[in-house]
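Subject: Structure handover

Hello,

Here is the structure for you to take over. My notes follow below it.

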Amino acid sequence: MEISASASLTSSGLVPRLLPLLYPHALTTSVKPLLSSSSSIGLISSQRRIIIAPSLCLADQSAFTGVSVVDSDPIDAVKRKAMDIAPALKGASIFLVGINNPIKANAGKLLAEALRYYYFDSDNLITEAAGGNVSAQALKEADEKAFLESETEVLKQLSSMGRLVVCAGDGAVQSVKNLSLLRHGISIWIDVPLDIAAKGDDDSFNSESSRELFDTLKASYEKSRKGYETADASISLDKIATKLEFEDLEAVTSEDIALEVLKEIEKLTRVKKMMEEASRPF
């Protein structure tokens, strides 16, 4: 498929100008990693400006409307844990790596809501910049190097900010440069079995599309596994199910996963604090 200049992230000059680019204040101020926040994030293409404005979390909606938002117990548990660790987290962004699937995305959105962070999917940002799924896929097939450069640029912009939960695509763990950008926050590997990830929102794994997706995910997993293993911590769907004594892995909820992520982050921040205290002079 032929790529037009407007569809290509590189030929349009979008890569070096991408997401001013995500963070408008970066144009006039120096942004410190892990400590910044934004209420409006823009994505610039050669033909139009796409403004991505994350919706307010439930807690912020309550503050603005004065209406109390009542959540179910599992969500309350996640929010309580999020409030407990927030001071130690100090606005550090969280990058969720692992094969793309609804389980990872739903857990990411729940974490963002509980922490009062903004949620982004790096692959979606690249797709928006390219002009849609068809154009993004066409670019990837026609010029893989340009596509990889766009992934790095998006990750670079995201990693320069704080208070984000980012579902990172496989490109985030397939180069040393990208892996170094993840060091600006906390990276968590959401380890979901391939057969469950391939099912997506379908009730059955027997569909032809699910089998094709399984093969695609398997190839991507084998290519990215070493990158996943460099994450600061890993959350396994299998281990959560065993811990909760679930016979069916699909009984594990987004709340269960989000809670385990927060517990791992709590451990990481505790260790970091201990190391900082140990390094102080007497």
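**Second largest pocket**

The second largest pocket has 22 residues in its lining, and those nearest its centre are Ala-88, Ile-186, Leu-268, Thr-269 and Lys-272. Please keep in mind that this is a predicted model. The volume of this second largest pocket is about 560 Å³. Two helices, α3 and α12 (254–279), each supply at least two residues of its lining. The largest contribution is that of α12, with ten residues. Sorted by class, the lining of the second largest pocket consists of nine nonpolar, two polar and eleven charged residues.

The helices α3 and α12 also pack against one another: their axes come within 9 Å and cross at roughly 20 degrees. An angle under 35 degrees counts as roughly parallel, so α3 is roughly parallel to α12. The crossing in which α3 passes α12 is left-handed.

Helix α3 covers residues 73–89, and Met-83 is located in it. Is Met-83 buried or exposed? Its relative accessibility is 64%, and the cut-off for exposed is over 50%, so Met-83 counts as exposed. Between Met-83 and Arg-116 there are 9.5 Å in space, C-alpha to C-alpha, for a separation of 33 residues in sequence.

Lys-90 is in the loop between α3 and β3 (94–97). Lys-90 is not a glycine, yet its phi is positive, at about 55 degrees. With 57% relative accessibility, Lys-90 counts as exposed.

**Another positive phi**

Glu-245 is a further residue to look at. Its place is in the loop between α11 (237–243) and α12. The phi of Glu-245 is positive, near 60 degrees, in a residue other than glycine. Its relative accessibility is 71%, so Glu-245 counts as exposed.

**Largest pocket**

The largest pocket has a volume of about 860 Å³. Its lining is made up of 25 residues, and Asn-100, Asp-123, Gln-137, Lys-140 and Asp-170 are those that lie nearest its centre. Which helices each supply at least two residues of this lining? They are α5 (122–130), α6 (133–142), α7 (144–159) and α10 (208–228). Of the elements that contribute, α10 gives the most, with six residues. By class, the lining of the largest pocket holds seven nonpolar, eleven polar and seven charged residues.

Two of the helices that contribute to this lining, α5 and α7, have axes that come within 10 Å and cross at roughly 120 degrees. The crossing of α5 past α7 is right-handed.

**In brief**

The largest pocket is lined by residues from α5, α6, α7 and α10, among others, with α10 giving the most. The second largest pocket takes residues from α3 and α12, with α12 giving the most. After that, Lys-90 and Glu-245 are the residues to check for positive phi.

Regards

Terms used. Residues numbered from 1 in each chain as written. Predicted model: local features only at pLDDT ≥ 70, side-chain atom pairs only at ≥ 80, totals over all residues. Heavy atoms only, no water. Helix = DSSP H or I, 4+ residues; strand = E, 2+ residues; numbered from the N terminus. Buried < 20%, exposed > 50% of the residue type's maximum accessible area, 1.4 Å probe, protein only. 1 Å grid on protein atoms, 1.4 Å probe; cavity = no way out; pocket = protein on both sides within 12 Å on 5 of 7 lines; lining within 4 Å. Points joined across faces, edges and corners; volume = space filled by probe spheres on them. Nonpolar A, V, L, I, M, F, W, Y, C, P; charged D, E, K, R; others polar. Axes fitted to C-alpha atoms, helices over the stretch in contact; angles between N-to-C directions. Left-handed = near helix turned anticlockwise from the far one by under 90°. Parallel < 35°, antiparallel > 145°, perpendicular 65-115°, else oblique.
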